[in-house]
Amino acid sequence: MTSSAANTSEQSTQARLEEMGRAAREASRRMARADTATKNRALHAIAEQLDARRDQIAEANDRDMKAGRDNGLDAALLDRLELTGERIDGMIDGLHQIAELADPVGEVDDLKYRPSGIQVGKMRVPLGVVGIIYESRPNVTIDAASLCLKSGNATILRGGSEALHSNGAIAACIAAGLAEAGLPETAVQVVDTTDRAAVGALISMPEYVDVIVPRGGPSLIERVSRDARVPVIKHLHGVCHVYIDDRADLQKAFDIALNAKTHRYGVCNAMESLLVAEGVAGDILPKLAQAYREKGVELRGCERTRKILEDCNPAAEADWSEEYLAPVLSIRIVGDMDAAMDHIARYGSGHTEAIVTGDYSRARRFLAEVDSSSVMVNASTRFADGFEYGLGAEIGISTDKIHARGPVGLEGLTSQKWIVLGDGHVRQ
């Protein structure tokens, strides 16, 4: 493509995204005043459309799968791309489950009288227009759309180019369900171009988009974080730690450390570094190492760890800040809890940290002093999940400190505004 043609294409994409943005902004006003029953009706209607259009969805997904194989997508990406009958069932069940969740919009907190006689409180309201950028998994289209819909937001979804046809088929189901419930079809719009300029356009429209949620690999999130002109809800890395204290129940510590690493490898809440107090390292590390070996986990340890585990590979400095997303674990022996917290402060990503201890005071200190979006006592890091936290579902996990932090569900897709109730009151 010539430079002139490329510029023309980019301008066309920018114009198309601006058109979608204007439509989303208008739709967001209607969504903000939609009542809970109407939003739930839309969610159930979308579920019915998915069920009725299984053949069309499967056909579209087959086209994407064939193109993916032809383009050399690896097995993991193809697995995330595939929409089996079971996964379509999961999308349908998810819609019904979100319909059952409490609607946060309109909730009023802390309404109280002031000395002047007015009442002051905070009302929960939608964010407005949410832009979501994601890769590979077409079921995210339904997850994101349903959460934004229930929380009263309009949304623009930009899925991966490898799922273009699947996302298009799902988008048709969403539009039909919205129309059936009497809500604007433009409340959920799926970008229908593979032009990479669409991402740049979406993240640079503060007049139309209120927040961006990137879901994907580090390169995508780094780009969005660097270039976005609107607020971003994101986490970049999940370098999660478990610290085994010298006052831990060692059976609990064994179970938690094994589960946190091996329950699933390619997830952001899996443990990547294990910290062990020197007083119990000799007792628990050999047992854990045997269990990890049986599951095919490669161990990389500090010098003190390698004196206990002779077949452990040496850990490099880069290992302490690495999100492996694989059966690899770094292990460090530390002097005490303070040393463990120092390590977490230096190398952690602010995602999830856990302590295993029987000492109440140490547990309280760990909770108060460790600065991450989720901090746990005597529990696996794998619980850092919207469903496990009772949110029903999540749009993602935020490691930022402003607005939403940790798993972001319906409430995280809303904000609060001050409301004042008076009866002819004037300020004296």
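Mentor: Let's start with R300 and D319, whose side chains meet in a salt bridge at 2.8 Å, N to O. This is a predicted model, in which local features need pLDDT of at least 70 and side-chain atom pairs count only at pLDDT 80 or more, while totals for chains, interfaces and linings use all residues. Residues are numbered from 1 along each chain as its sequence is written, and side-chain values use heavy atoms, with hydrogens and water left out.

Trainee: Why is the contact between R300 and D319 called a salt bridge?

Mentor: A salt bridge is a side-chain nitrogen of Lys or Arg within 4 Å of a carboxyl oxygen of Asp or Glu. The N to O distance for R300 and D319 is 2.8 Å, so the pair meets that definition.

Trainee: What parts does the pair R300 and D319 tie together?

Mentor: R300 lies in strand β9 (residues 298-301) and D319 in the loop between β10 (313-314) and β11 (328-334), so the parts they tie together are 19 residues apart in sequence. Helices (H or I, at least four residues) and strands (E, at least two) are DSSP runs, numbered from the N terminus.

Trainee: How do you know whether D319 is buried or exposed?

Mentor: Buried means under 20% relative accessible area, exposed over 50%, and partly exposed in between (1.4 Å probe, protein chains only). D319 has 7% relative accessibility, so D319 counts as buried. R300, at 22%, counts as partly exposed.

Trainee: What makes R247 and D359 a salt bridge?

Mentor: Their side chains meet at 2.3 Å, N to O. The pair links distant parts of the chain, 112 residues apart: R247 is in the loop between β7 (240-244) and α10 (250-262), and D359 in the loop between β12 (352-356) and α14 (360-369). R247 is partly exposed because its relative accessible area is 48%, whereas D359 counts as buried at 14%.

Trainee: How far apart in helix α1 are R16 and E19?

Mentor: They are three residues apart in helix α1 (residues 3-32), which means about one helical turn separates them. R16 forms a salt bridge with E19, with the closest N and O atoms 3.6 Å apart.

Trainee: How many salt bridges does a search of the whole structure find?

Mentor: The search finds 25 salt bridges.

Trainee: Why is L421 called partly exposed?

Mentor: L421 has 41% relative accessibility, so L421 counts as partly exposed. This residue, L421, lies in strand β16 (residues 414-421).
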